[in-house]
Amino acid sequence: MSKINASPIIYTVEADSNELSPDAYDDSLHDPIDSQEIFDRIKNITDPEHPLTLEQLNVTQKAHIFIDDINNSARVEFTPTIPHCSMATLIGLCIRVCLIRSLPQRFKLEVKIREGSHNSEDAINKQLNDKERVAAALENNNLLEVVEQCLSTVY
């Protein structure tokens, strides 16, 4: 099978320097979720085409994550490696599944392609944020197997 983007640009990943304070282990304290925490959850998702992470491909960036812990909303924008990437919907689905599994249920989650970065961004964004379409996609065993493989390095 030929790859859509056979030679993607690989970006240097900064070393993980997040050290937890002693308060991070205290369950009695409210610890708001922030964009760094969301980024840490999705950065190691593997690309469906390449043995590289979304962070290495610069598909996800902390600056493109918008979280409002008080109002329970999170928006993650991602940038496909090429404007006609046929894997964009699958990548967005992987991000959504990862966050559905790891965020508290109180969050309203929106996963979007960054404006102007894909030829079909409106149609893909509609698919990624339609609960029925996402549920139907996850009922497809072949598709679910690919999602699980992409998420295998996250958990």
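The answers below cover helix contacts, then the pocket and the cavity.

A: The model is predicted, so local features need pLDDT of at least 70 and side-chain atom pairs count only at pLDDT 80 or more, while totals for chains, interfaces and linings use all residues. Residues are numbered from 1 along each chain as its sequence is written, and side-chain values use heavy atoms, with hydrogens and water left out.

Q: Why are helix 2 and helix 3 called roughly parallel to each other?
A: Helix 2 (residues 88–102) and helix 3 (residues 121–128) pack at an angle of about 30°, with axes 10 Å apart. Helices here are DSSP runs of H or I with at least four residues, and strands are runs of E with at least two, numbered from the N terminus. Axes are lines fitted to C-alpha atoms, for helices over the stretch in contact, and angles run from 0 to 180 degrees between N-to-C directions. Angles under 35 degrees count as roughly parallel, over 145 as roughly antiparallel, 65 to 115 as roughly perpendicular and the rest as oblique. Helix 2 and helix 3 are therefore roughly parallel.

Q: Which residues make helix 2 meet helix 3?
A: A88, T89, G92, L93 and R96 of helix 2 meet I124, Q127 and L128 of helix 3. Contact means heavy atoms within 4.5 Å. By class there are four nonpolar, three polar and one charged residues. Ala, Val, Leu, Ile, Met, Phe, Trp, Tyr, Cys and Pro count as nonpolar, Asp, Glu, Lys and Arg as charged, and the others, Gly among them, as polar.

Q: What makes helix 2 roughly perpendicular to helix 4?
A: Their axes come within 12 Å and cross at roughly 95°. That value makes helix 2 roughly perpendicular to helix 4. L93, R96 and V97 of helix 2 touch V134, A137 and L138 of helix 4. This contact has five nonpolar, no polar and one charged residues.

Q: Why is helix 2 also called roughly perpendicular to helix 5?
A: The axes of helix 2 and helix 5 (residues 141–151) come within 10 Å and cross at roughly 70°. Helix 2 is therefore roughly perpendicular to helix 5. The contact residues divide into 11 nonpolar, no polar and two charged.

Q: What is the largest pocket, and which residues lie closest to its centre?
A: About 380 Å³ of space lies in the largest pocket. R96, I100, F107, L109 and K131 are closest to its centre, among 15 lining residues. On a 1 Å grid over the protein atoms alone, a pocket is an open set with protein on both sides within 12 Å along at least five of seven lines, a cavity is a set of points where a 1.4 Å probe fits but cannot get out, and lining residues have an atom within 4 Å of a point. The pocket lining has eight nonpolar, two polar and five charged residues.

Q: How many cavities of 30 Å³ or more are counted?
A: The count comes to one. About 50 Å³ of space lies in the largest cavity. Grid points are joined across faces, edges and corners, and a volume is the space filled by probe spheres set on the points. Its lining has 11 residues, with D47, E49, T81, C85 and I91 nearest the centre.
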